[in-house]
Amino acid sequence: MFDFKEYEIWFITGSQHLYGEETLKQVAANAAVIVKGLNSEGKIPVHLAIKPTVKSPEEVTNLLREANYDDRCIGVITWMHTFSPSKMWIKGLSLLQKPILHFHTQFNRDIPFSTIDMDFMNLNQSAHGDREHAHILSKMGIARKIVVGHWQNEKVAHQISNWARLAIGKSRLTKIKIARFGDNMREVAVTDGDKVSAEMKFGFSVNYFGVADLVDMINAQSENEINHLIEEYEDKYDLTKPLLKYGDKRNSLIDAARIELGLKTFLKNGGFSGYTNTFEDLAGMKQLPGIASQRLMNAGYGFGAEGDWKTSALLHTIKCMAHGLEGGNSFMEDYTYHFEPNNEMVLGSHMLEICPSITTKKVSCEIHPLGIGGKEDPVRLVFNADKGPAINVSLVDLGHRFRLIVNKVEGVEVSQEFPHLPTARALWKPYPNMEVGLQGWLLAGGAHHTVYSQNISVQMMEDFGEMLDVETIIIDENTDLKLLKNQIKINENYYK
Ligand code: MN
């Protein structure tokens with residue numbers, strides 16, 4: 001589903017004509033070495049495309065205008081090898097619509113103390129050239145990621161790599177379409193919101209489709225395709241007895257496979273990247289999609305239960321940004337709490353729809369009754385999420401703006417048996433602790449639905465919020481409730 005080869009990031013070196021041909025040749029050559037170095041060994045998930053050194057207002061403006069209109073270009077990196085007077089950049093920067101990373105590096109790592117002379121000083125001016133550049137960015141109020149350090153430093157490459165993933169996410173978010181089967185769960189506030197404002201702000205579109213059209217697609221699936229998919233289920237998962245061949249619930253497995261194929265065909269034909277459904281509108285469907293939603297998420301589709309289109313779009317985007325990284329990303333809901341002193345934690349799950357990308361353990365395919373929805377028993381995948389660092393992310397609509405809420409958590413090893421809980425589950429401990437973490441989330445108005453991510457960091461989400469120009473509330477080890485309360489009040493003013 002995700003192919004990063006379709007993207008590139010432009011590496012733009014700034015200078016001016018003052019230094020003469022020789023110096024400018026060296027500037028271009030050095031920039032090429034840096035780009036080649038960063039492009040090597042897959043350090044950055046996207047190809048960095050080197051652009052000619054810009055030396056005049058016209059060159060800056062033309063290049064940044066071109067960046068806007070080039071579909072492959074998802075962002076630009078700027079670096080001032082020499083001093084590039086920043087008034088030259090005003091027009092171009094005012095037009096730029098792509099994310100920008102200001103790379104504050106220099107070609108040489110060390111000062112060559114024994115040989116340094118004025119020629120060297122003439123050529124290697126990032127320390128002050130980049131300050132001139134940063135000044136105009138600040139003066140113009142342009143959000144950008146600043147990465148500081150020598151370009152051969154692994155940590156520096158890692159920061160650029162993370163930013164590149166965010167730029168991919170932003171590009172994706174502007175293009176994707178989300179299909180809604182059925183509307184919002186009746187009377188629920190947080191899963192709803194202004195879809196038109198969301199499209200204006202983020203670019204993704206959300207549209208409604210009749211469940212009957214989906215059911216037609218489900219019923220049109222061939223026996224052959226269904227049999228193939230069931231073989232895949234048998235291959236990948238431990239099927240419980242009733243679902244085995246000649247088991248008394250085998251027909252439900254066949255129905256589940258038919259639903260998965262129908263959903264997948266609908267999404268594929270319509271060019272959708274995610275969808276929502278609701279147990280309140282399953283007209284004509286035999287069971288609520290369980291294994292179907294779980295496996296479609298695993299394939300990269302966004303999903304939101306109960307009509308939650310914001311979480312669906314966010315999940316697909318985060319899955320895209322995280323493509324190729326270890327760990328997974330799932331639709332999640334805070335289900336219930338464990339308040340044991342000194343061992344407090346959250347049990348996360350949903351009635352069915354948790355993505356198996358968050359486990360490396362055994363996944364079993366089971367069938368159990370579902371208390372709500374009034375349909376036949378749904379087939380679902382049951383497993384325990386892997387332990388390790390993770391985040392919960394929620395996007396909410398506050399009416400006059402959107403807010404992103406991020407809570408750093410520590411996924412806990414699930415060692416308990418759950419003989420009577422027929423759902424996939426995750427256990428985690430929120431940062432900085434249960435009391436402050438939950439208070440912070442409630443203060444910020446975060447949803448009960450989240451994207452649970454094992455491979456996107458808090459820092460990345462903070463940067464992503466800045467890139468999207470959306471208010472972002474971070475709850476992590478540094479969270480202090482007094483400061484958070486003030487932050488929310490200050491933000492209210494800032495985003496007015
Ligand atoms: Mn829910």
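Visitor: What gives the most to the lining of the largest pocket?

Guide: Helix α14 does, with six residues, where helices are DSSP runs of H or I with at least four residues and strands are runs of E with at least two, numbered from the N terminus. The model is predicted, so local features need pLDDT of at least 70 and side-chain atom pairs pLDDT 80 or more, while totals for chains, interfaces and linings use all residues. Residues are numbered from 1 along each chain, and side-chain values use heavy atoms, without hydrogens and water.

Visitor: How do you know where the largest pocket lies?

Guide: Domain 1 (4-173) and domain 2 (179-495) both contribute lining residues, so the pocket lies between them; the domain bounds come from an automatic or database domain assignment.

Visitor: What makes Glu306, Glu333, His350 and His449 donors of the manganese ion?

Guide: Donors are N, O and S atoms within 2.8 Å of the metal (3.2 Å for Na, K and Ca), and water is not among the atoms, so the site may look incomplete. The OE atoms of Glu306 and Glu333 and the NE2 atoms of His350 and His449 lie 2.1 to 2.2 Å from the ion, and therefore meet that limit. Glu333 is in strand β11 (residues 329-338) and His350 in the loop between β12 (345-348) and β13 (364-367), so the pair ties together parts 17 residues apart in sequence.
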